[in-house]
Amino acid sequence: MNKKRPVKRCRESLVVQTHRIFPNQLNNHGTLFGGELMSMLDIAASIAVTRHARSQSVTASTDSVDFLHPIQRNDAITIEAYVSGVGKSSVEVFCKVIGENLLTGEQYLAVTAFLTFVAFKTDKSKAIVPLIEPETEEESFICNGYEERNKNRFIKREFNKQFAQKITLTNAWMDED
């Protein structure tokens, strides 16, 4: 029996998180440490996936993180994440980070990112996820690029499999006799 896949709107998966940037989150340039932000993005994106699929998921790849504007100490950032494309069990999430100078009110686009997750059932088999339907101009623009990004992900994944075959497991700090 062929059951029709449900369709959900992007906004049904929307996650909005606001954070203030403190000194312990800064790099040696005095701006937000990229790894700190990547952790925040992964958490927000994982919530978006779970809202969309209503199943467990794991991060399959961080496809891109584009740092467009440095985020300063005491600025606030707002992370918005929503589902921007789906395969059968894979889910792509678009994230944008809007920075705000809290003293002046100036806002800026700091980061854009795409992450891909795989959804699975409690028995660890892959879950079939709902389709996605954009509503806003931004959502349509982002979702319309999904097929091309997915094709590029597949090419990159195949390359990475070949690449991994050439990487040794020898540790540089260990003696070879």
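**Salt bridges, cysteines and a surface patch**

K161 and E158 form a salt bridge, with their closest N and O atoms 3.4 Å apart; the term stands for a side-chain nitrogen of Lys or Arg within 4 Å of a carboxyl oxygen of Asp or Glu. The model is predicted, so local features need pLDDT of at least 70 and side-chain atom pairs count only at pLDDT 80 or more, while totals for chains, interfaces and linings use all residues. Residues are numbered from 1 along each chain as its sequence is written, and side-chain values use heavy atoms, with hydrogens and water left out.

K161 and E158 are three residues apart in helix α3, which means that about one helical turn separates them. Helices (H or I, at least four residues) and strands (E, at least two) are DSSP runs, numbered from the N terminus. K161 is partly exposed, at a relative accessible area of 48%, and E158 is partly exposed too, at 32%. Here buried means under 20% relative accessible area, exposed over 50%, and partly exposed in between (1.4 Å probe, protein chains only).

Salt bridges that share partners join D63, E92, R149 and R153 into one network. Side chains of opposite charge can pair when their charged atoms come close. In the pair of R149 and E92, the closest N and O atoms are 2.8 Å apart. R149 lies in helix α3 and E92 in strand β5 (residues 90-100), so this pair ties together parts that are 57 residues apart in sequence. R153 also meets E92 in a salt bridge, at 3.1 Å from N to O. This second pair again links helix α3 with strand β5, across 61 residues. R149 and E92 are buried, and R153 is buried as well. The count for the structure comes to nine salt bridges.

What about disulfides, that is, pairs of cysteine sulfur atoms within 2.5 Å? The structure holds zero of them. The sulfur of C10 is 3.7 Å from the closest cysteine sulfur, in C143, which is too far for a bond. C95 is in no disulfide either, since the nearest cysteine sulfur, that of C10, is 13 Å away. C10 is buried, with a relative accessible area of 0%, and C95 is buried at 1%.

F163 belongs to helix α3 (residues 146-165) and is partly exposed, with a relative accessible area of 47%.

Technical notes. Disulfide = S-S within 2.5 Å.
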